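Open the model in your viewer and keep the selection panel at hand. Each stop below names what to pick and what is there.

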Amino acid sequence: MISISSCTIALLLSSLVFAAPAVDPLASASSVVVSAVSSAAVSSASAQVSAKPKPPHTTTASGTVSAPAATATVPFIDLDPNEPLWDSTVKGTPQPIRGSLGATVIGPTDDATAKQNPDLLAPPSTDHGSVKNAKWPFSMSHNRLQTGGWARQENTGVMPIATEMASVNMRLQPGAVRELHWHKTSEWAYILKGSVQVTAVNAEGKNFIATVSEGDLWFFPPGIPHSLQATNDDPDGAEFVLVFNQGDFSEDSTFLLTDWLSHVPAEVLAKNFQTNITAFAHIPSEELYIFPSTPPADDAAAPISPQGTVDSPYTFPFSKMKETALNGGSVKIVDSRSFAISTTIAAAEVTVQPGGIRELHWHPTQDEWSFFLEGTGRVTIFAAQSNARTFNYQPGDIGYVPATMGHYVENTGNTTLRFLEIFNTDKFEDISLSNWLALTPPDLVKAHLGFDDATMAHLSKTKPVVVGPA
C-alpha cells in the first residue's frame with residue numbers, strides 16, 4: 001500500500017520539475033559530466049563544450065527552438081599535422097605509432113620497405129576505410145634478361161587497380177634491337193636515357209624512320225609493325241618506359257617477326273616470298289625478342305616507298321617542348337592536339353619544388369597512370385564514402401588513381417619531384433578543386449566550409465596546377 005506521505009512527496013517533486021525553467025541540453029550534459037569525473041576531466045569537458053559552435057535561436061508561436069547552422073551539425077576537422085613521420089634515411093626500425101595510437105612491432109619486419117612507406121606503416125589520421133593498393137615499384141617486377149638488354153612489366157597481375165593501362169620498362173645496349181613486332185594495343189613510350197631509332201610501316205604501305213632522345217616520345221597505333229634499336233649516342237645505349245592502353249596487357253603476348261616465321265612451314269614461306277626455300281635456312285627457330293646488332297648510322301634512311309611516308313609522324317620531341325612555369329613547379333602537356341597520331345594516350349610531365357604540391361584535383365573520365373622520375377612524393381587518394389589512403393613514392397615507382405577520385409601529389413623531399421601523368425584518352429583533362437570553389441558562388445562555399453573572405457580571396461579562378469609552400 002502507498003502511504004499518504006509518499007504521494008505528497010511525489011506531488012511536490014513533480015511540481016518542482018514542471019516549474020523549472022528550460023535548460024540548454026549542452027549545459028545539462030556538462031553538468032552530468034562534472035558530477036561524474038575528477039576536477040581535471042571537468043576542465044577538459046568544459047573547454048570542449050565551450051568550443052562547440054552554438055546553434056542560432058529562432059522564435060516561433062510555441063516558443064524558442066534551435067535551428068542548426070550550416071556547419072554546426074558535425075564536429076570540425078582536426079588541424080594537427082599529419083606529415084610523414086620519417087623518410088628512408090631514418091636509422092633504426094620505424095614503428096607504427098602516431099600520437100597515442102599504435103604500438104611497436106615485436107615480430108619480424110622489413111625495415112627497408114617500412115622506411116620507404118611511412119604513410120602505410122603509420123598512416124595519417126585522415127586515412128580511413130579501404131582503397132586498393134596504388135603503388136608498384138618496377139624493382140619488384142620480374143625481369144626478363146636477354147643478350148643485349150632486358151625488360152620488366154607491370155599490369156593487373158601485380159597491380160589489380162590498374163585496369164586501363166599497363167607498362168614495360170626496357171633497356172637496350174648500343175646497337176641492340178627490340179625485334180620487329182606489333183601489338184593488339186597502342187604503344188606509347190618515354191625515353192629515360194639515351195637515343196632510339198624507330199621504324200614503322202602503316203596499312204597504306206607508307207613508312208617512317210626517326211631517332212628520338214631522352215625525354216622524347218613515340219606512339220604506334222594498334223597493329224602497326226615497328227622496331228626499336230638503341231643508337232651509340234650514349235655509351236650505355238638506351239632505357240625507356242612503354243605504356244599500353246590495356247591493363248592486362250602482357251609483353252609476352254607481342255606478335256614477333258621471328259616467332260611467326262618459325263611457325264610457318266618453309267614451303268609456304270618460299271611460296272609467299274616467291275624465292276627458293278633455301279633462303280629461309282637461317283630463320284631463328286624461336287623468337288629473338290631482344291638481340292645485339294650493329295648500331296644504326298646517324299643518317300640511316302628507310303627504303304623509298306612508292307606510297308610515300310606516313311602523314312603524321314610516330315615520334316614527338318617532347319624534350320624540346322617549353323614547360324609552363326608555375327608557382328612551385330612546372331608542367332607540360334602532350335596529347336592529340338600537339339601529337340596528332342597519339343589518339344589513345346595523353347600525358348603531362350610535372351615538376352614540384354620542395355615544399356610544393358600538385359594541387360588537389362581529379363580527372364573526370366580517365367584513370368591516371370603515373371611514373372615517378374626523380375624526388376620523393378606522397379599521394380592521398382579519396383575514393384568517396386570516407387575512403388582515403390596515402391601512398392609514398394620514390395623514383396621508379398608506378399602510381400595509379402582511378403577516374404574521378406580526388407588526389408594530390410606532395411613533394412616530401414628536399415629536391416625537385418618530377419613525374420609523368422598518363423591517361424588512356426586523346427585529350428588531357430583535370431578539374432582543380434581551388435578553381436571549382438573560386439568559380440562557385442562564395443556564400444555557397446562559405447556555407448559548406450566556413451571560409452572567411454580572406455580565404456575566399458586566396459582561391460584561384462585559373463587552375464594553379466602546382467603550388468609552392470604556403
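Start with Tyr 289, in the loop between helix H7 (266–273) and strand E17 (290–291). The model is a predicted one. Is Tyr 289 buried or exposed? Its relative accessible area is 2%, so Tyr 289 counts as buried. Now check the backbone: phi of Tyr 289 is near 65°, a positive value in a residue other than glycine. Most residues other than glycine have a negative phi.

Next, select Val 465. Look for it in the loop between helix H10 (453–458) and strand E30 (466–467). Val 465 is not a glycine, yet its phi is positive, about 65°. Val 465 has 15% relative accessibility and therefore counts as buried.

Go on to Ser 432. This residue lies in strand E29, which covers residues 431–432. Why does Ser 432 count as buried? Because its relative accessibility is 1%, and buried means under 20%. One goes to the backbone nitrogen of Asn 435, at 3.0 Å. Another goes to the backbone nitrogen of Ser 434, at 3.4 Å. Then display the surroundings. Leaving aside residues up to four places away in sequence, Ser 432 touches Glu 359, Leu 360, His 361, Lys 463 and Pro 464.

Select strand E24 (residues 377–382) together with E25; six bridges join them, and they run antiparallel. Then colour strand E25 (residues 388–393) by burial. Five of its six residues are buried, so the rest of the structure largely encloses strand E25.

The next stop is a sheet. In what order do its seven strands run? Trace E5-E26-E23-E28-E21-E20-E19; the sheet is open and the pairing is antiparallel. Strand E5 (135–137) and strand E19 (324–326) are the edges, each pairing on one side only. From one strand to the next, the twist averages 20°.

Strand E23 (residues 368–374) and strand E26 (residues 397–401) are antiparallel, with four bridges between them. Pick Ser 370 to find one of these bridges; its partner in E26 is Gly 399.

Zoom out to the whole chain. The protein chain holds 10 helices and 30 strands. Of its 470 residues, 40% are buried. Take the contacts with a separation of 6 or more: residues 24 or more positions apart account for 73% of them.

Finish by colouring the chain by pLDDT. The mean is 88, and 85% of the residues reach 70 or more. Over residues 1–64 the pLDDT is below 50. Beyond near neighbours in sequence, that stretch has 26 contacts in the model. Where pLDDT is low, the predicted coordinates should not be read in detail.

How values were computed. Residues are numbered from 1 along each chain as its sequence is written. This is a predicted model: local features need pLDDT of at least 70, side-chain atom pairs count only at pLDDT 80 or more; totals for chains, interfaces and linings use all residues. Side-chain values use heavy atoms; hydrogens and water are left out. Helices (H or I, at least four residues) and strands (E, at least two) are DSSP runs, numbered from the N terminus. Buried means under 20% relative accessible area, exposed over 50%, partly exposed in between (1.4 Å probe, protein chains only). A polar contact is a pair of N or O atoms within 3.5 Å; within protein, one must be able to donate a hydrogen and the other to accept it, and residues adjacent in sequence count only if both atoms are side-chain atoms. Contact means heavy atoms within 4.5 Å. Two strands pair if DSSP finds at least two bridges between them. Axes are lines fitted to C-alpha atoms, for helices over the stretch in contact, and angles run from 0 to 180 degrees between N-to-C directions. pLDDT is the predictor's confidence in each residue, from 0 to 100.
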